[in-house]
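Welcome! Take a moment to look over the sequence and the fold, and then follow the points below with the picture in view.

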Amino acid sequence: WLNKYAFRGNRAFAKNKFIEKVTLPSTLVEIEQRIFDDCNNLKIIEFTNDNPGTEIKYYYKDINGITEKNFSVYSWPSNVIIITKNENAKENLKNNISFFKKDDIFVIDEVIINEEMIISKDGETLIRGYIKEEGNFTIPGTVKTIWNKCFFDQINLTSIDLTGVEMVKDNAFDYCGLTDLIVPDSLVNIGNCAFSYMDNLKTIKIESAAIIDTCGFSDNNYVESIDLGNKIVSIGSCAFSNVGVNGNGIESIIVPASVTDIGEDSFSDFNVSTIYCCFSEEYAESTFEYGLDFTGNTDANVIFDYEN
């Protein structure tokens with residue numbers, strides 16, 4: 001049943017393809033945890049009460065079928081953002097919500113919302129981008145940061161120019177439809193799984209002094225070519241793991257001398273024939289935190305002291 005006091009009924013709105021925004025009234029006190037399961041077009045959930053983290057109770061069944069209450073909100077669509085009425089409501093919600101949604105909470109006055117994007121009021125952070133038809137997305141020139149899950153599952157996104165962008169945060173491009181990726185000179189900070197799980201991606205070219213976090217480019221199974229450039233600084237653990245495993249593989253990559261650290265298993269299960277390293281084996285062992293463990297389970301031929 002549904003009234004001003006409660007949204008009850010397991011999966012009440014599940015798999016609805018038309019809902020884009022839900023406003024939760026200030027009178028709301030109860031809600032089923034899985035009420036918005038698989039609402040893939042749901043973009044925004046807006047809280048209008050003062051303390052949504054404690055005033056609203058979420059109901060779910062535990063493993064024994066007993067009704068419990070908490071505020072984990074684990075089942076909402078991954079790329080949904082949460083809007084609150086003011087800064088106090090935002091902080092109250094952040095103190096009670098699941099950790100993986102904390103970065104997706106914004107005060108209504110912090111953002112500008114339209115059909116193409118959700119962007120910060122100062123124009124520097126692109127929070128969400130929406131692509132209705134297959135093709136390119138044009139990033140406003142003021143944008144410096146691409147937010148967590150910004151283009152998550154946007155399969156219609158086939159190309160993008162990241163010039164001017166300085167940071168791409170966690171899971172920003174996961175499962176999107178990019179075919180070729182250029183990391184421009186401006187883009188230095190690449191978050192956890194920032195460019196992962198893209199089955200259409202064929203080429204990666206890095207032009208910047210990049211710092212790549214854990215799994216930054218992992219699980220791009222059909223990549224055929226990678227150019228790491230000559231400025232890259234740090235490659236995180238599993239950064240290129242499971243790359244190229246379902247395609248024809250990659251002939252070779254060159255790891256430049258600019259690298260100061262390569263994490264454990266950075267190239268684990270990486271389908272490449274040869275890894276050329278523009279530094280010595282001794283340098284890797286003495287400088288990298290995990291020494292030579294960056295090759296992981298790859299069968300590649302690793303050649304040190306390569307002169308590019």
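In this predicted model, strand E2 and strand E4 (residues 44–47) run side by side in the parallel sense, joined over 4 bridges.

- Strands of a sheet pair through backbone hydrogen bonds, either parallel or antiparallel.
- Here, 4 strands make up an open sheet with parallel pairing, and their order is E2-E4-E7-E8.
- At the edges you will find strand E2 (21–24) and strand E8 (105–107), each of which pairs on one side only.
- From one strand to the next, the twist averages 25°.

**A helix on the sheet**

- Helix H2 (residues 87–94) packs on the sheet, where it touches E4, strand E7 (81–84) and E8.
- The direction of helix H2 makes about 165° with that of E8.

**The nonpolar cores**

- Which residues have the most contacts inside the largest nonpolar core? They are Ile 146, Phe 173, Phe 195 and Phe 240, in a core of 56 residues.
- The elements that give two or more residues to this core include strand E10 (117–120), strand E14 (157–160) and strand E24 (272–277).
- If we set aside its neighbours within four places in sequence, Ile 146 is in contact with several residues, among them Leu 126, Phe 151, Met 167 and Phe 173.
- Another core, of 19 residues, lies apart from the largest one, and its members include Ile 31, Phe 36, Cys 39 and Ile 45.

Notes:
Residues are numbered from 1 along each chain as its sequence is written. This is a predicted model: local features need pLDDT of at least 70, side-chain atom pairs count only at pLDDT 80 or more; totals for chains, interfaces and linings use all residues. Side-chain values use heavy atoms; hydrogens and water are left out. Two strands pair if DSSP finds at least two bridges between them. Axes are lines fitted to C-alpha atoms, for helices over the stretch in contact, and angles run from 0 to 180 degrees between N-to-C directions. Contact means heavy atoms within 4.5 Å. A nonpolar core is a set of buried Ala, Val, Leu, Ile, Met, Phe, Trp, Tyr and Cys residues joined through side-chain atoms within 4.5 Å. Buried means under 20% relative accessible area, exposed over 50%, partly exposed in between (1.4 Å probe, protein chains only).
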